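Please look over the model below before reading my notes. The points follow the strands, then the helices and the cores.

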Amino acid sequence: MDKKVLVVDLDGTLYNCNTFHEFLKYVLSYYFKDFRLLKFKILLFFIKLRLFRIISHSRLKYQVLKLIKNDDINVKDFISKLSKYKNVIEEVSDSSFNVKILATAAPNCYANEIAKVEGFDVCFATGYPESGYYEEFENLGEQKKNVVFKYLETNNFSDLDVFITDHIDDAPLMEMATKNILINPDTNVLRWLKKNLINFEVRKTR
């Protein structure tokens, strides 16, 4: 019998928010309350650079991960504050899947903990690049697809049975999946799916 594989995105899918944006607020509050004002000012500086489009989202994420690398941030407390954004997705608790993968561009410093709490077997997220910044360091798009594909190939899984996401950034994985479930999709992703004759189902959670 073939092994069943489930892959789920995080932001806008498992949670009805951008968890990285929420994490930025949490870290700002942490630095302020802990009187770590230099780090507070540095983080605020990079956020402002991003707001004014002076740096990319990828560069902001890199700078944040670099800044917090040695900090004792309570990710369990952060995740508890995300509970109001949680979407109930029946496949996540479906025991018929042999492996459940959380695949996200969010930082692994908290994505790994979310995966554990939600019962995923594997988590692929964005880690701190030890060799320095490069544009593709985020676990996003083609990079996310390649990481998932390599895992499936290494572990002798023949198919990605169900992929759940909300965003066109995940087009490479949508092309791999036997079935796609789109959570609150916008018209652009629906248009792309129909144009490319990709099997999908739409679910509304709001």
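**Notes on the fold**

1. Strand β1 (residues 5–8) and strand β2 (residues 99–107) pair in the parallel sense over four bridges. Pairing requires at least two DSSP bridges between two strands. Helices (H or I, at least four residues) and strands (E, at least two) are DSSP runs, numbered from the N terminus. Val8 has Leu102 of β2 as its bridge partner.

2. A word on the basis. This is a predicted model, with local features needing pLDDT of at least 70 and side-chain atom pairs counting only at pLDDT 80 or more, while totals for chains, interfaces and linings use all residues. Residues are numbered from 1 along each chain as its sequence is written, and side-chain values use heavy atoms, with hydrogens and water left out.

3. β1 also pairs with strand β4 (residues 160–165), in the parallel sense and over three bridges. Here Val7 stands opposite Phe163. Both faces of β1 are covered. Val5 and Val7 are buried on one side, Leu6 and Val8 on the other. Buried means under 20% relative accessible area, exposed over 50%, and partly exposed in between (1.4 Å probe, protein chains only).

4. How many residues of β2 are buried? Nine of the nine are, so the strand is largely enclosed by the rest of the structure. β2 pairs with β3 in the parallel sense over four bridges. Pro107 stands opposite Thr126 in β3.

5. Helix α5 (residues 108–117) has Tyr110, Ala111, Glu113, Ile114 and Ala115 as its buried residues. These pack against α1, α4 (75–81), β2 and β3 (122–126). Contact means heavy atoms within 4.5 Å.

6. Check Glu118, in the loop between α5 and β3. Is Glu118 buried or exposed? Glu118 counts as buried because its relative accessibility is 18%. Leaving out residues up to four places away in sequence, Glu118 touches Leu14, Tyr15, Lys86 and Val92.

7. Helix α2 (residues 37–51) packs with helix α3 (residues 57–68) at an angle of about 170°, the axes being 9 Å apart. That makes α2 roughly antiparallel to α3. Axes are lines fitted to C-alpha atoms, for helices over the stretch in contact, and angles run from 0 to 180 degrees between N-to-C directions. Under 35 degrees counts as roughly parallel, over 145 as roughly antiparallel, 65 to 115 as roughly perpendicular and the rest as oblique.

8. Across this pair, Lys39, Ile42, Leu43, Phe46, Ile47 and Arg50 in α2 meet His57, Leu60, Gln63, Val64 and Leu67 in α3.

9. The largest nonpolar core has 46 residues. Such a core is a set of buried Ala, Val, Leu, Ile, Met, Phe, Trp, Tyr and Cys residues joined through side-chain atoms within 4.5 Å. Leu14, Leu43, Tyr110 and Ile114 touch the most other members. Helix α1 (residues 19–33) gives the most to this core, with seven residues. A second, separate core of 20 residues includes Ile101, Phe163, Leu173 and Ile198.

10. Not counting residues up to four places away in sequence, Leu43 touches Leu24, Val27, Leu28, Tyr31, Val64 and Leu67.
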